[in-house]
Every structure is written in structure tokens, then in C-alpha cells.
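Please keep the sequence and the model open while working through the numbered points.

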Amino acid sequence: MTVKEEYNRKLADTVIANLNKRQIDAVYCATAKEAAELALSFVPSGSSVSFGGSMTLAEAGITDGLRNREDIALLDRSTAESPEEIRQIYHDALSADYYFMSTNALTAGGELVNIDGNGNRLAALIYGPEHVIIVTSLNKVVADVKTAVARVRNDATPPNCIRLNKATPCASTGVCADCFAPDCICNQIVITRRSGTPGRIKVVLVGETLGY
């Protein structure tokens with residue numbers, strides 16, 4: 001085991017213990033492939049499933065893995081042909097058996113910190129789906145909530161705005177301007193300090209770097 005691998009394992013053990021104190025289940029996978037296989041195995045045949053927009057899920061192969069499963073009812077907004085259909089999928093996703101997402105940041109103490117534009121992803125995290133599966137890499141772990149918010153605004157949001165072709169200051173400069181631009185995707189900030197339902201939220205920590 002390399003020093004990096006040992007460090008990842010020890011950090012993951014610390015974060016997992018703190019998540020468990022908050023009634024959030026968590027496991028560690030050294031590789032994205034292992035994480036994808038485990039996360040997809042949580043979903044039994046016949047389940048209704050949806051997911052939020054996430055580079056982490058895409059890079060890990062989880063998005064494609066869900067789309068390739070013929071034994072589940074997948075609510076996938078990429079299949080929508082109109083804004084109205086997208087909105088309907090957002091609403092229907094709140095009643096799904098399983099909802100997949102990543103988290104923008106995670107404190108070492110076990111708090112999930114997310115910033116969203118539409119709020120559909122955070123709505124599903126807070127309430128609705130029976131199970132929420134969060135896949136996130138250890139590079140998103142930070143010391144505290146203040147650092148987590150700064151990480152999202154400065155490290156995650158600018159590349160996401162570029163990816164989504166948003167006309168925001170950060171898409172032009174790479175730096176958060178705390179803006180009120182029409183295309184701003186920093187409209188809701190949600191800190192999840194505890195799961196009210198034990199085990200409803202499951203976090204899969206990944207040793208490889210994924211997403212923004």
C-alpha cells in the first residue's frame with residue numbers, strides 16, 4: 001500500500017465514522033469502478049430510479065450503468081423532449097425508490113454541503129426518494145462548512161458554469177463573484193448535518209479523483 005492509499009483509507013475511516021454519527025451510512029471504495037459496481041448493486045430489480053446532474057456519476061460510469069439496466073424504471077431528464085417534460089421528471093423523481101447524486105463538498109466531520117441552481121437535486125436529497133445514494137471522491141473532503149462553501153463556489157461552480165454554457169462572471173474569470181446573474185447556479189445552499197431517517201442516505205467515498 002502506498003502512502004497515498006494509506007492516507008485515503010485513514011481519511012475515509014474518519015469521515016465514515018462521523019457520517020455514521022449523523023445516521024448516514026457510508027463505505028469506501030479505492031477505485032471508481034469498484035464504487036460504481038457497489039452503488040449500482042444497491043438498486044434491486046423493479047425499482048424506480050432517478051439521478052441529479054453530476055460529473056462524478058458520469059465519470060464513474062454510474063449514469064451509463066443506470067441507463068443500461070433494463071430491470072428498473074429510470075426517470076432520465078435527458079430523454080425529455082420539452083421543458084415541460086423535464087419539469088415533470090423533476091417532480092416524479094421525488095417519488096423514486098432510489099435517487100443518485102454526488103455532493104459538492106463534504107466536511108471531515110460528516111456534513112454534506114451542496115449548492116444548486118434549480119434545486120431539484122437538493123429537494124430530492126432533503127425529502128422524497130426512499131433511498132439517496134451519494135457518490136463522492138475524497139478530494140471533496142474539507143475541514144469545515146465555511147471551507148466547503150468556498151470550495152463549491154470557487155472550485156466546483158466555475159467549471160460547471162463553463163460546462164453548462166452559463167453566462168456568469170465565474171465562467172469568464174474562473175473566480176466566484178457572488179453574483180446575481182440571470183444564469184447563476186448558486187441559488188440554494190443546503191447543509192445536511194444529519195439524516196432524520198437512519199440509513200436513508202448512503203455515501204460511497206471514492207479514492208480516485210472525480211468530478212469538480
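This is a predicted model: local features need pLDDT of at least 70, side-chain atom pairs count only at pLDDT 80 or more; totals for chains, interfaces and linings use all residues.

What is the volume of the largest pocket?

1. The largest pocket has a volume of about 680 Å³. A pocket is defined on a 1 Å grid over the protein atoms alone, as an open set of points with protein on both sides within 12 Å along at least five of seven lines. Grid points are joined across faces, edges and corners, and a volume is the space filled by probe spheres set on the points.

2. Residues are numbered from 1 along each chain as its sequence is written, and side-chain values use heavy atoms, with hydrogens and water left out.

3. The lining of the largest pocket comprises 33 residues, and G53, D116, R163, L164 and I185 lie nearest its centre. Lining residues are those with an atom within 4 Å of a point. By class, the lining has 11 nonpolar, 15 polar and seven charged residues. Here Ala, Val, Leu, Ile, Met, Phe, Trp, Tyr, Cys and Pro count as nonpolar, Asp, Glu, Lys and Arg as charged, and the others, Gly among them, as polar.

4. Which element gives the most to this lining? Helix α7 does, with five residues. At least two residues each come from α3 (55-60), β6 (112-116), α6 and α7. Helices (H or I, at least four residues) and strands (E, at least two) are DSSP runs, numbered from the N terminus.

5. R121 lies in helix α6 and is buried, with a relative accessible area of 7%. Buried means under 20% relative accessible area, exposed over 50%, and partly exposed in between, with a 1.4 Å probe and protein chains only. Leaving aside neighbours within four places in sequence, R121 is in contact (heavy atoms within 4.5 Å) with G53, Y99, M101, S102, N104, N114, I115 and D116. The C-alpha atoms of R121 and M101 are 7.5 Å apart, although the two residues are 20 residues apart in sequence.

6. A cavity is a set of points where a 1.4 Å probe fits but cannot get out. About 90 Å³ of space lies in the largest cavity. Among the residues lining the largest cavity are S50, F51, D76, Y99 and N120. Helix α5 supplies the largest share, three residues. The lining of the largest cavity divides into seven nonpolar, two polar and two charged residues.

7. How many salt bridges does a search of the whole structure find? It finds six, a salt bridge being a side-chain nitrogen of Lys or Arg within 4 Å of a carboxyl oxygen of Asp or Glu. D76 pairs with R67, the closest N and O atoms being 2.7 Å apart. D76 is buried at 6% relative accessibility, whereas R67 is partly exposed at 38%.

8. In a second salt bridge, the closest N and O atoms of E6 and K10 are 3.1 Å apart. E6 and K10 are separated by about one helical turn, because they are four residues apart in helix α1 (residues 3-21). E6 is partly exposed, at 35%, and K10 is exposed, at 52%.

9. The largest nonpolar core has 24 residues, of which L112, L125, I134, I201, V203 and L205 touch the most other members. A nonpolar core is a set of buried Ala, Val, Leu, Ile, Met, Phe, Trp, Tyr and Cys residues joined through side-chain atoms within 4.5 Å. The largest share of this core, five residues, comes from α1. A second, separate core of 21 residues includes I72, F100, V135 and V206. In soluble globular proteins, nonpolar side chains tend to be buried together.

10. Finally, G207 is found in the segment after β10 and is buried, at 18% relative accessible area. Residues up to four places away in sequence aside, G207 touches N8, Y28, C29, A30 and L138. G207 and R9 are 198 residues apart in sequence, yet their C-alpha atoms are 8.0 Å apart in space.
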